[in-house]
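Dear colleague,

I am handing over the structure below, and I would be glad if you could look through it alongside the notes that follow.

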Amino acid sequence: IVGIMITAFKSTDSAVEALRLGAHDYLDKPFDIDKLKVAVGSAFEQRRLREYNIVGDSPQMQRMKERIKRVAPTNSTVLITGESGTGKELVARAIHSHSKRAARPFVPLNCGALPETLLESELFGHEKGAFTSADSTKKGLVEAAERGSLFLDEIGDMPMEAQTRLLRVLQQGEYTVVGGRTPIATDVRIVAATNKDLAPMIAEGRFREDLYYRLNVVPIHLPPLRERHEDIGALVRHFLGQAANEGLPARQANRDAIAALETRDWRGNVRELRNA
């Protein structure tokens, strides 16, 4: 449910309290019908984004949601940046779900979770006998994401050889499996994410500059929670609702509790707040 408060008694205090308690917008009478239509449309869009846990109406989050809405219907490559725990995969899933590829697979891969020797095989597949333990042919995640979206989390941890293979996907729309020779055409949208500053990595020769520009067609930055404390109340209500849906006792956070939570830095960002 997304609420819009309409009142005949204009008051700054009541507006702030309504928004604090979860209202999406606040209109005072007499209001223009076009403004109401815009507010309702925006509210429905917010509800769709909240299905992916993208919660918050701070100016930073509003700009980010608008960017998601604009880029999702395109085939542009997206690079999502932000600290750990800010919700980069949630943004990637929202982009996919609002795209023309929504009916096709969304395939995630954490590039830092696999050893260098296995990452290329996982991404592009391998031929039987391509390396010592390759006792059968294996399909890769690029093929699994065909006509869908491939989400490459922690792209800064991708080794150079895999970066070269990925660049070919972005430039030529094709790849070769490990141990293979025949190029395979592919239609896959790449959404990448990182919590690292790639600029010094490029300067040090640890990340390909040409790949960076291919990935960073549309940049989306997720602000840390300490820079948007006004979103904490909405996040707390959202997480308490999730907990109740999972069978835990239904609870609410009062104004004092929210105010106390707003004083913390939350270095672990939204993930830390959810765990708390």
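**Salt bridges and a helix pair**

Asp 57 counts as partly exposed at 24% relative accessibility, where partly exposed lies between buried, under 20% relative accessible area, and exposed, over 50% (1.4 Å probe, protein chains only). Its salt-bridge partner is Lys 65, with the closest N and O atoms 3.6 Å apart, and Lys 65 is buried, having a relative accessible area of 4%.

Before going further, please note that this is a predicted model, in which local features need pLDDT of at least 70 and side-chain atom pairs count only at pLDDT 80 or more, while totals for chains, interfaces and linings use all residues. Residues are numbered from 1 along each chain as its sequence is written, and side-chain values use heavy atoms, with hydrogens and water left out.

The structure holds 16 salt bridges, a salt bridge being a side-chain nitrogen of Lys or Arg within 4 Å of a carboxyl oxygen of Asp or Glu. Another of them joins Glu 246 to Arg 274, whose closest N and O atoms are 3.8 Å apart. This pair links distant parts of the chain, 28 residues apart, since Glu 246 sits in the loop between helix H10 (232-245) and helix H11 (255-262), whereas Arg 274 belongs to helix H12 (residues 269-275); helices here are DSSP runs (H or I, at least four residues), numbered from the N terminus. Glu 246 is exposed, with a relative accessible area of 57%, while Arg 274 is partly exposed at 42%.

A further salt bridge brings together the side chains of Asp 265 and Arg 267, at 3.8 Å from N to O. Of these two residues, Asp 265 is partly exposed at 41% relative accessible area, and Arg 267 is exposed at 55%.

Turning to the helices, the axes of H5 (residues 116-124) and H7 (residues 160-172) come within 9 Å and cross at roughly 20°, the axes being lines fitted to C-alpha atoms over the stretch in contact, with angles running from 0 to 180 degrees between N-to-C directions. H5 is therefore roughly parallel to H7, a description used for angles under 35 degrees.

The contact between them (heavy atoms within 4.5 Å) is made by Leu 119, Glu 120 and Phe 124 of H5, together with Glu 161, Ala 162, Arg 165, Leu 166 and Val 169 of H7.

How values were computed
Helices (H or I, at least four residues) and strands (E, at least two) are DSSP runs, numbered from the N terminus. Angles under 35 degrees count as roughly parallel, over 145 as roughly antiparallel, 65 to 115 as roughly perpendicular and the rest as oblique.
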